[in-house]
Amino acid sequence: MADQELLQLVHNKAKNWLESNIDTESKKILEEMIQHNENELIESFYKDLEFGTGGLRGIMGIGTNRMNIYTVGMATQGLCNYLKGQFHGLNEIKVAIAHDSRNNSRLFAEKTASVFSANGIKVYLFEDLRPTPELSFAIRHFGCQSGVVVTASHNPKEYNGYKVYWEDGGQIITPHDKNIIAEVQKIKNVDEIKFDNSLKLVQIIGEKFDNEYINELKKLSLNPDIIKKQKDLKIVYTPIHGTGVELVPKALKAYGFENIYIVEEQKSPDGNFPTVKSPNPEEAAALELAIKKAKETDADIVMATDPDADRVGIAIKNNKNEYILLNGNQAAALLINYLITQWKEKGKLKGKEYIVKTIVTSEILKDIADKYKVESYDVLTGFKYIADIIKQNEGKKKFIGGGEESYGYLAGEFVRDKDAVMSCALLAETAAFAKEQGKTLYEQLIDIYVEFGFYKEHLVSLVRKGKSGSEEIQAIMDNYRNTPPDSINNSMVMLIHDFEKQKTFDQMSHLRYDINLPKSNVLQFILQDGTKISVRPSGTEPKIKFYVGVKENLERREDFEKINQKLDKKIEGIIKSLGI
């Protein structure tokens, strides 16, 4: 689109907003933008926020490309229209709403409830901030047709978001996501949003419901007797100013753990996240205060949850008594190995059990499942696809657990999204079990590598913000898709999985195979030496991500450092070869 056309589009959309019934303060901000800040005007109006892998997410502010009460209202009005069409035969349509600790989250949640109520839809609204997985549980518990959680997960403080869930408790997938977007796009003016300031159909839920959720979590415990013996396991926990502050300690105590240290500086919910640059447990800086606390207390395990408590970062001690961060694949390997081996130990494997992982997650999870004859599924990135597999298998097969490399894990079937509250409890139990065997989690992880191979993964994210960044990311994908490399780091590219074309290209035989997964803008290169490289734009952040996975045999524990260094050099070579 030519610059002049873009400017005309942007000004028309801004004018449309100015002439609507938006509040006086918003009009003032918009007029100032029109007169004095053209770049910000373009970024705020050049497109409408869309549902990605995490729903509606963006920077807060005025405009169609910003998170505000009007874009939230339009999304909710579109969702209402869709729900009324889908469930017109029901006497009552019900939804549940939760929110995190971010700035404006409560406001957005209440406005969302207001729109549902105005459209004759019953609402279960949490009294205060709550973890995202509890929202998933609430949808199924109350027999809701949909749900919304207001969160931008681990994004920086200027972001907020709006995730939509379906009646199974999982995030929306095709066709509902596209259909809801279509309904939202039919709304051309903010004046079409219905609001009910009396909130007449809104029911507040609180602590009593929290207890229902915790009671379900307790049922997942596989070794309560061992926890009794290891009840003094030292656990350091930080909610990073988010929603986990009440329920994670409560879940740990319900499991039987008594020695829990909370990082006081990060205990209070705060949407400005004052102690961190980014409230992302994937980043080492977010765990600095927790590790400091761990050193003071000689903790066995460190846990950090993101603002909506669906992801958890873990730190443990290595054999040199130093605290190291686990990546998401390592934590998943420890958890899935524990769950499957204990299901086996307790005679719970009947031949119909399965796990689920995403295509960018370590293959070690599949290896573990294969050993115990547990079926494993690969799905696209996004926990909504894991939820969909659980839905498809409901009543036919038994879900043990699942995970993704981006620090999200799940066990059991009563929640249908990644659950950091649950993960904290089960990972603490995993640590207690290892300690009962005379091992640390670090030693347990190395044992897994000795048994299944030393898998090592590395993630490189290139940040490209705004409209120009979005175009650059697409250009990178187009280049890899149209002119794929023949070799990477001196290893031949054997297979190319193109999830957008839904085809696998065998570079040796030149044969083509179908990929039976939904379309997604992801490319995956499988090299001759077994390396797996995945390239995908993030669905929730202005990033393009490169996932590098390498593997070597580890014959014995004592060779760990030597093989670790060898894998590091291989990863460095791959990154250099890709030029990222």
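Visitor: Is F45 buried or exposed, going by its relative accessibility?
Guide: This is a predicted model. F45 has a relative accessibility of 0%. The cut-off for burial is under 20%. F45 therefore counts as buried.

Visitor: What kind of aromatic pair do W17 and F45 form?
Guide: The structure holds 19 aromatic pairs. In the pair of W17 and F45, the ring centres are 5.7 Å apart and the planes stand at 90°. Planes over 60 degrees apart put a pair in one class. So W17 and F45 are edge-to-face.

Visitor: How many residues apart in sequence are the parts that W17 and F45 tie together?
Guide: W17 belongs to helix 1, residues 3–18. F45 belongs to helix 3, residues 38–45. The pair therefore ties together parts separated in sequence by 28 residues.

Visitor: Is W17 buried or exposed?
Guide: The relative accessible area of W17 is 5%. Burial requires under 20%. W17 is therefore buried.

Visitor: Over which ring does the charged end of K111 sit?
Guide: K111 lies in helix 5, residues 105–118. Beyond its neighbours within four places in sequence, K111 is in contact with I69, F195 and N197. One ring has its centre 5.4 Å from the charged end of K111. That ring belongs to F195.

Visitor: Is K111 buried, partly exposed or exposed?
Guide: K111 has a relative accessible area of 23%. Buried means under 20%, and exposed means over 50%. The value for K111 falls in between, so K111 is partly exposed.

Visitor: Which residue's ring lies under the charged end of K122?
Guide: The distance from that charged end to the ring centre is 5.2 Å. Ring pairs link a cluster that includes F126, F137, F142 and Y124. The ring under K122 is that of Y124.

Visitor: Which residue follows helix 10, and what is its phi?
Guide: Several residues of helix 10 are buried, among them V245, L247 and Y255. The residue after helix 10 is G256. Its phi is positive, near 120°.

Visitor: What is the handedness of the crossing of helix 4 and helix 7?
Guide: Helix 4 and helix 7 pack at an angle of about 115°, with their axes 8 Å apart. The contact includes G78 and Y82 of helix 4, and N179 and I180 of helix 7. The crossing is right-handed.

Technical notes:
Residues numbered from 1 in each chain as written. Predicted model: local features only at pLDDT ≥ 70, side-chain atom pairs only at ≥ 80, totals over all residues. Heavy atoms only, no water. Phe/Tyr/Trp six-rings, centres within 6.5 Å; stacked < 30°, edge-to-face > 60°. Helix = DSSP H or I, 4+ residues; strand = E, 2+ residues; numbered from the N terminus. Buried < 20%, exposed > 50% of the residue type's maximum accessible area, 1.4 Å probe, protein only. Lys NZ or Arg CZ within 6 Å of the ring centre and 35° of its normal. Axes fitted to C-alpha atoms, helices over the stretch in contact; angles between N-to-C directions. Left-handed = near helix turned anticlockwise from the far one by under 90°. Contact = heavy atoms within 4.5 Å.
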